[in-house]
Amino acid sequence: MLDFFSRSVKTKSDPLADGASAKAYVDSLKKEFGLGAHDRVTEIMAELNEGSVPVSAGLVEAVLTLNTESHGLHETLCGQYVMNARIPKILEGQLRAQILSYGRQFLAFYQSVLSDGLDGSLASGQLPLIPARMMHYRQEYARWQLLRHFSPDEGFWLEVHKLYQFAERQAMEASPVFLFGEQGVATTVQDQYLIMLMLTLLDSGNLPMRQVNFAYELLTLVSNRMSITASFASNSSFVVLLSEDKPAGRADARFSGGDARFWSTAEVVEILHGWALVLEGGRVPAEIKRLIEPGIDANLLRLLCREWAPKPMLFQRAERISVKDRKIEVTHRLPVLHKLIRQPDEVALQHQNRQAATETFDDAANIRIYGFITNRKRDRSPLGPASADAIIAPVQEKFPEWELSNISQTGLGVSLGAVGNEWVGLGHLIGFRSSREAATRSLGMIRRLKHLPKERVYLGIETLSHRPVAAAIRPTDVRLIDPSLPEDQVWQGGHIALFVPFNRQGKSINTLIMPVSVYMLGKQFYMTAKGKHFQIALGKVLEKGSDWCMAEIELVRSLEHLPLGV
């Protein structure tokens, strides 16, 4: 056969041959796919884990390099997830799957290395680094569960404790390593373990995603100020039992034994307390300046000081009364809440107008006089009294019902199914009433969220007001509001709003809930509520949602009627 027909196959260089090949491979992926190179790295690791390639020092070096060079892409994806609060649910699920799959594949490879590669095939610097990275990805998984108010799967903590015990046996739990290149700060297996244990102490469900992420970033700065010991001491703050499938808890001398590990948080809390004082003074500590954003303030640092306090702090909480076999009807979204809250007043007003209309001059045509006897001409209209009542009666919409678990002076606790309630999140504004017959609806805000077994969710709801008032607001400097606004955001010629007087820290405050696009600090509005008119000025924002905000208001003056032209 002619040589012309012979084709020499070009063999591609193996990206996992050594560290240099792995670095060149990631560089080429970044040029070709950009951020999409993250998925390509995950794919090649999945192929490696599915095969039966023997572990060698060269292969381990290549995977470690692959991990280091692609870590920047991974951090970018994590940042996108945390910072984008309005990401659609489908995209959120895809992004979370990308993040967790990346760590899962590297974790699986490192686990196989520890199982098969302790016979001297590893280089001297590789062994301390591998368990440190494994603990990092274990901690990353726990963090992503915490961000979504879930608990880690059964058996997770046993695996984590087993990894830490391995590091202790190898006397490498305190060996400093650079996780992903020498440009970062040195860490240890113990540091990564403590970050995970301390972070999962914040599992009460009352911190939003960005605040949990801030707590994680803080722990990366101060984790080296804590040290794990095997014996209980008078200053011990927390304990973890390595033989149990549980996270950390408060230290107790009863747990002192071979599998108990203790540590103190006194120095960490002292540092956080100092930073809180600086923030309260109007300055930002240099150490955490890059972490400061809206929602990150001295109050959050104070909360973390309480949760991580060296000794338990006792709080006087509102008494919770357990409730069984009771439900509440729940609604959300500001336009829907405004419509339902104003509905009883509109029905009453229509009823009054209807009664007044029965004695008008127009009804005289329907009356025939026969001597001393009068009677009304029968209405031949298809809209008789029953039909008129049907027009006035509000349409009965069906809203979801949640099971009431407990009631306290400041709010209530409810449980509900996770399926169908994916919209639920911390800081969401809701309306609720105890029964369908109740005329008024209360306003509340979700302050605590905790995922339970069997696809259930527990919510802690703070009651803002039992009698919110529907209002309409119009800017004092504009005659007409934007005519392109959706119909459900306009009422009585103005923007929809809810007047909510409520108590906070023993102080009575007048507030207004309105569309976030309407708010401007100091701006004045004409407000109409319950047939009365006021001129108000907007104060500072107290709460904020995706499409609404709650701000203090100041009464400028009361009005007999709205100015002409408004």
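The structure is a predicted model. Its chain has 566 residues, of which 43% count as buried, and its secondary structure comes to 12 helices and 19 strands.

**The chain as a whole**
- Take the contacts between residues at least 6 apart in sequence: 66% of them join residues at least 24 apart.
- The chain has an accessible surface of about 31,300 Å², and carbon and sulfur atoms account for 53% of that surface.

**A look at phenylalanine 109**
- You can find phenylalanine 109 in helix H4, which covers residues 89-116.
- Phenylalanine 109 counts as buried because its relative accessibility is 3%, and the cut-off for buried is under 20%.
- Setting aside neighbours within four places in sequence, phenylalanine 109 is in contact with Met45, Leu48, Asn49, Leu59, Val60 and Val63.
- Valine 63 is 46 residues away from phenylalanine 109 along the chain, yet 8.6 Å separates their C-alpha atoms.

**Where helices H3 and H8 meet**
- Helix H3 spans residues 57-83 and helix H8 spans residues 209-222; their axes come within 9 Å and cross at roughly 140 degrees.
- On the H3 side, Tyr81, Val82 and Met83 take part in the contact, and they meet Met209, Arg210 and Asn213 of H8.
- Sorted by type, the residues of this contact between H3 and H8 are 4 nonpolar, 1 polar and 1 charged.

How values were computed: Residues are numbered from 1 along each chain as its sequence is written. This is a predicted model: local features need pLDDT of at least 70, side-chain atom pairs count only at pLDDT 80 or more; totals for chains, interfaces and linings use all residues. Side-chain values use heavy atoms; hydrogens and water are left out. Helices (H or I, at least four residues) and strands (E, at least two) are DSSP runs, numbered from the N terminus. Buried means under 20% relative accessible area, exposed over 50%, partly exposed in between (1.4 Å probe, protein chains only). Contact means heavy atoms within 4.5 Å. Axes are lines fitted to C-alpha atoms, for helices over the stretch in contact, and angles run from 0 to 180 degrees between N-to-C directions. Ala, Val, Leu, Ile, Met, Phe, Trp, Tyr, Cys and Pro count as nonpolar, Asp, Glu, Lys and Arg as charged, and the others, Gly among them, as polar. Accessible areas come from the Shrake-Rupley method with a 1.4 Å probe; for residues, only the protein chains shown count as cover.
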